[in-house]
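Here are my notes for you, point by point. Keep the viewer open while you read them.

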Amino acid sequence: MSAATTRSRTPDRLCAEAVDLARAAAEEAAAPGVVGEHVGLLSEGDRVVTHYFECKELGYRGWRWAATVARASRAKAVTLDEVVLLPGPDAVLAPEWVPWSERLRPGDMGPGDLLPTDAEDLRLEPGWSGEDEPAANSPVSHEMAELVEAEDAEVTAAPPAALPTVPARGSISAVAEELGLRRARVLSRYGLHTAADRWEESFGAKTPMAQAAPATCVSCGFLSPIGGSLGQAFGVCANEFSPADGRVVSLAYGCGGHSEAAVMPKAPQPAPPVVDETKVDPFPLRPAADSGSVPAAPDETTADLGHA
């Protein structure tokens, strides 16, 4: 270890004794009554010492006022360098700033929000637009093509307002548009894998719902297939009573709403009534005279009781 390094780690005596100078500078920079006790010092270099004072400001727990003093070579006068408020070892600090693109989580977007994608997004790769190279009879010269590439411009055969928005019928571009190939970027293999892993984690075979299901979605009538390579392992659930209604589910997923899990039997239907239309049953409009419990003829033994 060199002598210079030894001197830099050993606080200068005059600078270490200048506690009052450092406190006065800290009190001048801070609000009245917020500079506390002297809590230590640190040698910053040859004849440079920083004094730390406790901060009593509300909301700055663990912070310290740092006043740095210095002394010139072969000089006895100690001068002030700077005064700052610094966090201590147990200070309350704000969390580290994270870019918005890393803070964004699924479900954070609301109506009207825009989510721009990075030009180098690993989930996407260039698609086929049919305009990668100029046609063989294109009027654009090689010099103009180099200028366009240098200026990052785009050369069209006419003003943008006069250009057709839909490719000519029967052209390769029109067929490509019907097949969904005229997109500037499409999902890359990495984007496909990350989407599949995300869907498998939410609605896959290892979820508790799928473990208790009577059958998988591959045999369910409510499964709506999807196209592309992902259609070999996923589909869309169309059962309104399923927890995965409208979601992309794995073919190995399942729930209690499987179409063939329990076919409900039909309710028994009673036999239709038999009506004999060849026979007439007479029904009197008035009851017979002797149909009641009391005889129609007056009884002398019950006349006193009020019976008629």
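1. Some ground rules. This is a predicted model, where local features need pLDDT of at least 70 and side-chain atom pairs count only at pLDDT 80 or more, while totals for chains, interfaces and linings use all residues. Residues are numbered from 1 along each chain as its sequence is written, and side-chain values use heavy atoms, with hydrogens and water left out.

2. How confident is the predictor? pLDDT is its confidence in each residue, from 0 to 100. The chain has a mean of 78, with 69% of its residues at 70 or more. Among the elements, strand 9 (residues 248-250) has the highest mean pLDDT, 95, and helix 1 (residues 3-9) the lowest, 50.

3. Go carefully with two stretches. Residues 1-7 stay under 50 in pLDDT, and the model gives them four contacts (heavy atoms within 4.5 Å) beyond four places in sequence.

4. S250 has a relative accessible area of 5%, so it counts as buried. Leaving out residues up to four places away in sequence, S250 touches E200, F203, G204, C217, A233 and F234.

5. Now look at helix 3 (residues 19-29), where A22, A25 and A26 are buried. Down the helix axis, the buried residues of helix 3 fall within an arc of 100° (taken from the directions from the axis to the C-beta atoms), so they line one face. The face turned away carries the exposed residues D20 and E28. What covers the buried residues of helix 3 includes strand 1 (35-45), strand 2 (48-55), strand 3 (63-71) and strand 4 (78-87).

6. Last, the cores. A nonpolar core is a set of buried Ala, Val, Leu, Ile, Met, Phe, Trp, Tyr and Cys residues joined through side-chain atoms within 4.5 Å. The largest one has 16 residues, of which V35, F53, W65 and V69 touch the most other members. Helix 3, strand 2 and strand 3 each supply at least two residues of this core, and strand 3 gives the largest share, four. Apart from this core lies another, of eight residues, among them C217, C237, A244 and Y253.

Definitions and conventions. pLDDT is the predictor's confidence in each residue, from 0 to 100. Buried means under 20% relative accessible area, exposed over 50%, partly exposed in between (1.4 Å probe, protein chains only).
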